[in-house]
Amino acid sequence: MKPESTVMHIDVNSAFLSWHTAYYKQMGIENDFLEKPTVIGGNEKKRHGIVLAKSIPAKKSGVKTGQSLMEAKIACPNLEIIYPRYDVYVKASKSLREFLKTYTPDVDVFSIDECFLNFTDKNKNYEKLAYEIKNTIKKNFGYTVNVGISTNKLLAKQASEFEKPDKIHTLYKEEIKTKLWPLDVSELFMIGRRTAPKLKKLGISTIGDLANCDYNLLIASLKSHGKLIYDYAWGIDNSIFREEHDIKGIGNGSTISFDVEERQVAYKIIMSLCENVGIRLRKENKLCKVVSIGIKSKDFKYSIKQKKINYYTSSTEEIIETAKYLFDVLWDQSPIRHMNVRVSDLIDRKNKQINFFEKENALEKEKLDEAIDKIREKYGSYSIIKASYLDSGIEPVMGGYPSEEYPDMKSIL
Ligand SMILES: [Mg+2]
């Protein structure tokens with residue numbers, strides 16, 4: 001049997017705002033966004049401008065994540081709005097990960113601001129180590145984290161959610177009843193805005209209620225999701241955490257600030273969405289076989305279509321070609337408000353087999369993509385752009401970072 005391990009969950013407190021503050025500090029500007037009513041949000045003038053992250057003072061004024069920036073301004077007139085700098089956040093996230101790897105090679109990334117650390121040495125004092133990690137991050141990087149400690153990922157994550165910021169918490173199996181069960185059921189991982197009301201209807205209001213509920217009734221109402229959250233209430237960590245690295249698909253979408261009525265404009269948006277999908281696919285060392293596209297029209301009609309390619313690929317150009325083809329099949333000329341592209345049926349690059357159907361210059365294309373990725377990583381998304389984007393007002397690479405793993409990070413148009 002595998003020796004029982006210790007898991008730490010590291011969660012950056014108010015990540016975007018913390019990183020933004022640290023970034024300013026690096027440039028010699030003292031501006032603590034966490035201390036003032038601040039939000040990170042998209043462009044205020046455009047329709048999709050929403051609150052992506054908020055400071056505690058902003059929260060106290062009634063500002064909510066996901067709210068439109070206009071609503072937020074009404075709730076808090078002296079609100080400061082900062083435009084997101086995904087490049088800065090991605091860099092900050094990477095350097096944190098590198099730092100954490102000095103403690104254990106076994107670091108699993110959960111989202112841009114959350115990591116799991118796995119330890120197997122039974123004789124170590126992990127609370128002491130957690131304090132060392134937390135305090136070193138504060139000293140060297142200039143922001144705070146919460147650390148949750150337990151024996152599995154689920155419990156470690158729940159533990160880091162307890163009191164914030166700058167805190168260490170444990171949640172061992174024997175602490176579940178006292179620390180986890182009294183909490184509102186919505187505090188449990190994987191219980192979202194839709195599930196919580198359903199549970200309330202079943203008379204389940206705390207995590208303890210869930211752990212001790214009528215199991216058959218729960219399953220009848222919530223099916224397999226019921227089983228999952230029931231296990232979670234008992235601290236049983238199952239599939240979701242184990243499979244989180246085995247991503248099923250990579251998607252990118254954007255709500256557009258104007259109605260798209262021309263095919264050429266739609267193509268540009270598709271290309272831009274695909275650029276980011278391609279970059280992420282290659283970063284994950286994956287190849288895809290299925291491309292799908294979704295279109296939401298002005299009157300909110302949503303249609304989706306997918307196509308299987310004859311071989312596995314990570315070429316941006318292949319993805320673009322397929323997405324454009326799908327668009328032509330799908331589009332009924334009605335004005336478009338939202339579009340998304342997704343690739344799925346993924347395999348690891350190392351499992352690739354030479355395929356008869358593959359286009360002749362596939363290898364060169366792959367090399368070109370790799371070279372472009374490298375330049376963009378070093379000099380930013382704008383360093384290489386397709387000529388058609390110049391002066392088009394459309395972002396050449398939409399979406400800063402995995403939106404699927406981190407749904408708050410919507411792409412910007
Ligand atoms: Mg966080």
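## Helix H6 across the strands

In this predicted model, helix H6 (residues 153-160) lies across strands E1 (6-12), E5, E6 (114-119), E7 and E8. Helix H6 runs at about 140 degrees to E7. Helices (H or I, at least four residues) and strands (E, at least two) are DSSP runs, numbered from the N terminus. Contact means heavy atoms within 4.5 Å. Axes are lines fitted to C-alpha atoms, for helices over the stretch in contact; angles run from 0 to 180 degrees between N-to-C directions.

## The sheet

Five strands form an open sheet with mixed pairing, in the order E5-E6-E1-E7-E8. Two strands pair if DSSP finds at least two bridges between them. The edge strands, E5 (107-111) and E8 (168-170), each pair on one side only. Neighbouring strands are turned by 20 degrees against each other on average, direction ignored.

Strand E7 (residues 145-150) runs parallel to E8, joined by three bridges. Val-147 stands opposite Ile-168 in E8.

## The magnesium site

The magnesium ion has the protein donors Asp-11 (OD), Val-12 (O) and Asp-113 (OD), at 2.1 to 2.4 Å. Donors are N, O and S atoms within 2.8 Å of the metal (3.2 Å for Na, K and Ca); water is not among the atoms, so sites may look incomplete. Along the chain, the donor spacing is D-V-x100-D. Val-12 lies in strand E1 and Asp-113 in the loop between E5 and E6, so the pair ties together parts 101 residues apart in sequence. Val-12 and Asp-113 are buried (under 20% relative accessible area; exposed is over 50%, partly exposed in between; 1.4 Å probe, protein chains only).

## Basis

Residues are numbered from 1 along each chain as its sequence is written, and side-chain values use heavy atoms, leaving out hydrogens and water. Local features need pLDDT of at least 70, side-chain atom pairs count only at pLDDT 80 or more, and totals for chains, interfaces and linings use all residues.
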